[in-house]
Amino acid sequence: MKGPLLFTALLLCASCTYSQSMQTPISAIYPSLHTYSVQFKDAFSFRGNSASLAGIKQFSAGVFSERRFLLQELSNYSFAAALPTISGNFGVKGDYFGGEHYKEITLGLGYGRKVGDRLDIGVAFNYFSVNTSGYGSASAVTFDAGAIIHLTDAVQTGVHLYNPVGMKMGKAGTERLPAIYSVGLGYDASSQLFIGAEVVKTEDQPVSVKAGLQYVFDDKLIARSGISSASSVYYLGFGVKLKNLRLDITSSFHPYLGVTPGLLVIYSPRQ
């Protein structure tokens, strides 16, 4: 049963090759759900829009891992860290996806800052590498940029561009990373509830809609849920705050390929 399932999963992923969605978690919106939130930002926020770095008020770092459809060959590991300074805020991010015979690695360095009271801007430079057993490897360096507008104290909207110049892969340049454009909106409905949505257009692929919400119980327990239309994935997660640490257990569901469990750990000093 494992062989056919792995083959089907790889076919599903093949349609996203070099499209960034393959290098990020199936439930990618889970760790970066609050990209367009004012009150719930952390290190993972800027993975959805580099301009979100400008809203980080204290150091934050975290890791996220998942095993897609319970297959070791489709494991994904992600990390992010954000550091505010008087000259703007800096962030680092990375992903590792795959197994022994196929792997992808992404590393990025970002910078964000405020421009006035209502506008945040950011940019990140990214290195992407793919290695296939028996076929060699290829890599590329590209960038992404974004902007976030504070419509009100509770509502934010923004745009994000990934690889807008279409950088090519490897020495031969026969493959290239696609351009990805997104528009997001976030609403801090209360001190406990956040609702966010994002429309993503990947080059040569249909438009995807991602939406989710987060609710905080008694400042210690957290619940999240959401959906990604492109992959037909639903996700759900529950977290708990333990002093400076937060621990989330997540699960996403695909109608044909099954369950993907995940774990999120974030460090953020209390203010």
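Trainee: Which strands each supply at least two residues of the lining of the second largest pocket?
Mentor: Strand S12 (207-217) and strand S15 (245-254); strands are DSSP runs of E, at least two residues, numbered from the N terminus. This is a predicted model, where local features need pLDDT of at least 70, side-chain atom pairs need 80 or more, and totals for linings use all residues. Residues are numbered from 1 along each chain, and side-chain values use heavy atoms, without hydrogens or water.

Trainee: What volume does that pocket have?
Mentor: The second largest pocket comes to about 800 Å³ (an open set of 1 Å grid points where a 1.4 Å probe fits, with protein on both sides within 12 Å along at least five of seven lines; lining residues have an atom within 4 Å of a point; volume is the space filled by probe spheres on the points).

Trainee: Switching to rings. How many aromatic pairs are there?
Mentor: Four, counting ring centres within 6.5 Å (planes under 30 degrees apart are stacked, over 60 edge-to-face, the rest tilted).

Trainee: Why is Phe90 with Tyr111 called tilted?
Mentor: Their centres are 5.0 Å apart and the planes stand at 55°, so the pair is tilted. Phe90 is in strand S3 (residues 88-98) and Tyr111 in strand S4 (residues 102-115), so the pair ties together parts 21 residues apart in sequence.

Trainee: What about Tyr215 and Phe217?
Mentor: That aromatic pair is edge-to-face, with 4.8 Å centre to centre and 70° between the planes. Tyr215 is partly exposed at 29%, and Phe217 is partly exposed at 39%.

Key. Rings of Phe, Tyr and Trp (its six-membered ring) pair if their centres lie within 6.5 Å; planes under 30 degrees apart count as stacked, over 60 as edge-to-face and the rest as tilted. Helices (H or I, at least four residues) and strands (E, at least two) are DSSP runs, numbered from the N terminus. Buried means under 20% relative accessible area, exposed over 50%, partly exposed in between (1.4 Å probe, protein chains only).
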